[in-house]
Amino acid sequence: MKRLSGLILGLLLALLAPSTVLAADCQFVFGFKTLRDLIGHDIVGECLEDQRYAANGNSEQQTTGGLLVWRKADNFTAFTDGYRTWINGPNGLVQRLNTERFEWEADYAPGGIAAAVARDREALVALFNATGGEQWEHSGKWLSSAPIGEWHGVTVDASGRVTHLSLSNNQLSGEIPPELGSLSNLTELRLNRNQLTGEIPPELGSLANLTGLWLNRNQLSGKIPPELGSLSNLTELRLNRNQLTGEIPPELGSLANLTGLWLNRNQLSGKIPPELGSLANLEWLFLIGNQLTGEILTELGDLANLTRLGLSGNQLTGEIPPELSRLANLTRLWLGSNRLTGEIPSELGGLANLTWLSLDWNQLTGEIPPELGRLANLTWLGLNGNQLTGEIPSELGGLANLTWLRLERNQLTGGIPPELGSLANLTILRLSTNQLSGEIPPELGSLANLEQLWLSGNQLSGEIPSELGSLANLKELWLESNRLSGEIPPELGSLANLEQLWLSGNGLTGEIPPELGSLANLISLRLTSNRLTGEIPSELANLANLEQLWLHNNQLTGEFPPALGSLAKLTSLWVTGNQLSGEIPGSPVPVRVAPAGTAPQPSQAPLAVALQEVFGGRKFEQPVEIGTYPIGPAGSGAFVAEREGRILLLPHPDGDEFVELLDISDQVSLVSTEDGLLSVALDPRFEETGHLWLYYSVRGVPLRTRLSRFSVDLDNPRRVRSGSELVVLEVGQPRLNHNGGSIRFGPDGMLYLSLGDGGLSQNGQNLGNLLGSVIRIDVSEASEASPYAVPPDNPFVEVEGARPEIWAYGLRNPWRMAFDPATGVLWAGDVGREDIEEIDRIEAGGNYGWARLEGTRCNIPRVGCDPTDTILPVVEYGHHLGCSVTGGLVYRGKAIPALVGHYLFSDFCRGQLWALPPDGGDVVEIAVSPRSVSSFGTDADGEVYVLTFWGTALRIVLP
């Protein structure tokens, strides 16, 4: 048994005579109204039931937030939300964290839990005798000393039998003792928010009287024991935020009394057991943030008592079952971040009690059903990140209770319905990155509670309505990349709470209104790439909180206002591409091809190409890599790698029938949006060795990425040999983001691998680990005994404390590298943080600045960083043009002579294709992809292919 130690959650409340005050009509227990008013109505909520009295005169009452309020017999009142506790007593309202003590709570005598519960608690004494009481001692920390029967760490009945064991919010470590299964009278077991490890003991399945089992937020691993299906009295099972794996046991479908099942944010896989559809009493079903596959069960539509259904963040496929519309009591439905396809069932419009509907980040198609306008109680509607088409239904304007409406990143067309101006409670309206046209309805100026208005990346025209100046609560106004014209309304200067004003990439004219200088809370002002004239208003110097001022590529004249130099928080200033005079403080002078301070922009005479669908228009599942694949005498075909772990092989370049080359989906982690199969490369001597190299996120714990070698049968190169994986390198990942990587073999035959910083910015400048770098290793003689060798000419071989594999460092999240086959230059696209995306030439020993720099801008510190000994990007661009760079390659094909030598790259969010000329000229835009470019590749002739994350493969051709 491993040591279990920590603070014990409890409430120390006095025991005096009961009050005769009884709340009438479920108003409140004594002091409840005070708590609700002082702590906040949103936290406490309203009561759901009358007071329930205990034998000692204490009472408790349930609230709408799923919380409990306790009234002690001396009229003290306590409230807890699991993290904090408030006591309303003679000293007024005081609060503490549950890991702290009030001043009047004394330390308990030493001796641990065993000593504290020894009298009249025979069952627990037996437990401690079996395991060693010292294993559970509290190390002198506070332990509630309330008498027998009080709610604290341990609760017993009059006979001394343990009925409740609540050790949540402590620092308990080690494994859960299987001996807990001997506490036959236990009705509640709570071990939330500790540091418990190991598997859940199957012995807990012997607790026949257990009604509540809460093990949330630990580090538990292994499978959920099927023995838990024997807990016939269980009403709540909560195992959230652990590291549980395997499939959900179908035996849980036997828990006939279960009202709540929470298994969120583990690593559970497989299909949802249909047996869960028999849980007739189930009210809450949460399976969010796992790796569940298969379709949503139609049987879930039989759960007549279900009020909340959360299946977001899995890998569920298929269509949304219309049978869910039978869930008449459903109030919240979360299905976001899966792979759901098909249309949104119009039947969902019949869920009269629904308050939340989240279907975002799937692959849903078709139009938004106007029937959703019947959901009169709806407060949240999230449909962003799908492939929805058609117009926004005007019926949505009837959702009087709606507070959030998110429809961004679809393919919606038509105008913005003026009826949306009737949504008086709306705080968030996001319609960005669609194909909306027409004018911005002035009726939106009636949305008095609106805090975010995102309309960027559409085809909106006309003038900005002056009525938007009435949105007193607005914090973010995004109108970038549309076709807006006219002048900037001076009324926008009345938006006292505005923090972000983004109007770049339109056709706005006239002068910058000096009234914008009144926006005291403004952090970011982006007016780039318009047709603004006149001088920069000196009133902008009043914007004391301003961090970003982007005015470049307009027609501004006059002297740059010296007063702007006093803006102490300004870290990003872009004013090039105008006709300004005077001294401009902080103008960057980066070493790059594009002119200083500018971003990729279409030239006056851009080189135009077309994008042609290939492979018969076949759609892939989140493709991440494409390349040439030799098929022996038959010539060359192509391979496409999908994020979930499949590699498909096209034997004939003009065909559309793929065969499966490899499937490692059972090994690949898909927990976050940034993991999966990340990169594939063929060995330089593939036709001799048959070696195939993969870089992927590994399923399970600890978090890590893996570089492996697989081998095909040279006599039949259309299938990888079973059991041929050789693990060459594993890299621990501190977090689930910034794991981006590319495998590329250089002209020297060495393997180059790019690695993100793992979500920790300090790794960028740390030569002691591999994160945030490009490594170079020799794998030509890879074996199990010696997976790779370090080339002796690597730049840090002789540097003490440095990893010798590192070739270059100071990178944040390099997504896609490529060698120029003619010159041998290594190019990479490095994904930025808040402001800048960059393209780099990777050189031996190079430091690319992260996290001191983001692009050419200071990041840490925000002002006055030292760029000494760093290599600045060749190209950088801001987030008015995109949000995540996709590195490309140098074109060396023959079909488009004018493109030869150009470096091609794109942006995942906006899909533009840019070309950087070899002669140092300006970057030009050459095409726009349908959406989300994930990778580039070439065929045997050097012609370039483009993959979009939503499944399309395209070839660059002449128009």
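Biologist: Let's start with the cysteines: how many disulfides does the structure hold?
Modeller: Do keep in mind that this is a predicted model. A disulfide is a covalent bond between the sulfur atoms of two cysteines. Cys858 and Cys865 form such a bond, with sulfur atoms 2.3 Å apart. The number of disulfides in the structure is one.

Biologist: Which hand does the disulfide of Cys858 and Cys865 have?
Modeller: Both of these residues, Cys858 and Cys865, are buried. The hand follows from the torsion about their S-S bond, which is about -85°, so the disulfide is left-handed.

Biologist: On to the charges. How many salt bridges does a search of the whole structure find?
Modeller: Side chains of opposite charge can pair when their charged atoms come close. One of the pairs is Arg646 with Glu642, whose closest N and O atoms are 3.1 Å apart. Searching the whole structure gives a salt bridge count of 23.

Biologist: Is Glu642 buried or exposed?
Modeller: Glu642 belongs to a network of salt bridges that also links Arg339, Glu644, Arg646, Glu660 and Arg719. Buried means under 20% relative accessible area. With a relative accessibility of 1%, Glu642 counts as buried.

Biologist: How many residues apart in sequence are the parts that Arg706 and Glu725 tie together?
Modeller: These two side chains meet in a salt bridge at 3.8 Å, N to O. Arg706 lies in strand E44 and Glu725 in the loop between strand E45 and strand E46, so the parts they tie together are 19 residues apart in sequence.

Biologist: And how far apart in sequence are the parts tied together by Asp820 and Arg892?
Modeller: The salt bridge between Asp820 and Arg892 spans 2.8 Å, N to O. Asp820 is in the loop between strands E51 and E52, while Arg892 is in the loop between strands E57 and E58, so the parts are apart in sequence by 72 residues.

Biologist: Last one: what charge does the surface patch with Glu467 carry?
Modeller: Glu467 sits in the loop between strand E28 and strand E29. This residue is partly exposed, at 36% relative accessible area. Together with Glu395, Glu419, Glu443, Glu491, Glu515 and Glu539, Glu467 makes up a surface patch whose charge is negative.

Technical notes: Residues numbered from 1 in each chain as written. Predicted model: local features only at pLDDT ≥ 70, side-chain atom pairs only at ≥ 80, totals over all residues. Heavy atoms only, no water. Patch = residues over 30% accessible without salt bridge, like charges linked within 9 Å, V, L, I, M, F, W, Y side chains within 5 Å. Areas by Shrake-Rupley, 256 points an atom, 1.4 Å probe, with all protein chains shown as cover. Salt bridge = Lys/Arg side-chain N within 4 Å of Asp/Glu carboxyl O. Lys, Arg positive; Asp, Glu negative; His and termini not counted. Charge placed at Lys NZ, Arg CZ, Asp CG, Glu CD. Helix = DSSP H or I, 4+ residues; strand = E, 2+ residues; numbered from the N terminus. Buried < 20%, exposed > 50% of the residue type's maximum accessible area, 1.4 Å probe, protein only. Disulfide = S-S within 2.5 Å.
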